[in-house]
Amino acid sequence: MVAVVDPDEDLVRRVGQGDPAASQALVTRKLPRVLALAQRMLGDAAEAEDVAQETLLKAWRQAPRWTPGRARFDTWLHRVALNLCYDRLRRRREIPTDAPPERPDEGPAPDRGLLAAETGARVDAALSGLPQRQREAIVLCHYQELSNIEAAALMDISVEALESLLSRGRRALRLALADVSPKGDG
């Protein structure tokens, strides 16, 4: 078995020993990515925050038992977050709608902000309309910035299967967003 180099190994060890500064560092380092992953998978900020909190709680509980060298901690953390997202998606009994929920305008100028919010909502709606495995592949590679090898390992599929999911997902997104200009000018 090849030992895995893990940049989080020392931090996880210190968390496992009860070091409060290490726990804070772990949250600071991992929360933004876990939250972004959950937000993209679930499309709901409140649920994403719950998943992120539960993921980090599991990480904190697992830290004393973490075995370095078997897998990267970050990969394990992403798997936990994805599993929690899947649990929530399975429990949902909502009826999908054609219209995405309205989003607050956070842009610098009213017209630019409104256009950006509309485009963001369209992208989010198109992403949530993808089959679950295609959405997972897109989120892991494009939003979480994992390599194809890392994402394939996380999804427990071959790199070729991941690339196929990415290709089909991108094609579906292009079709769903064909009328959206890259510059946002219509």
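**Reading the labels on this model**

Colleague: Why does Arg14 count as partly exposed?

Modeller: Arg14 has 26% relative accessibility, and buried means under 20%, exposed over 50%, partly exposed in between (1.4 Å probe, protein chains only), so Arg14 counts as partly exposed. This is a predicted model, where local features need pLDDT of at least 70, side-chain atom pairs count only at pLDDT 80 or more, and totals for chains, interfaces and linings use all residues. Residues are numbered from 1 along each chain as its sequence is written, and side-chain values use heavy atoms, without hydrogens and water.

Colleague: What makes Arg14 and Asp10 a salt bridge?

Modeller: Their N to O distance is 3.7 Å, and the rule asks for a side-chain nitrogen of Lys or Arg within 4 Å of a carboxyl oxygen of Asp or Glu, so the pair qualifies. Both sit in helix H1 (residues 9-16), four residues apart, and are therefore separated by about one helical turn. Helices here are DSSP runs (H or I, at least four residues).

Colleague: How do you know that Asp50 and Arg88 meet in a salt bridge?

Modeller: Their side chains come to 4.0 Å, N to O. This pair links distant parts of the chain, with Asp50 in helix H3 (residues 45-62) and Arg88 in helix H4, 38 residues apart. Arg88 has a relative accessible area of 14%, so Arg88 is buried, while Asp50, at 37%, is partly exposed.

Colleague: Why is Arg90 called exposed?

Modeller: Arg90 has 54% relative accessibility, so Arg90 counts as exposed. Arg90 also forms a salt bridge with Asp87, the closest N and O atoms being 2.5 Å apart.

Key: Helix = DSSP H or I, 4+ residues; strand = E, 2+ residues; numbered from the N terminus.
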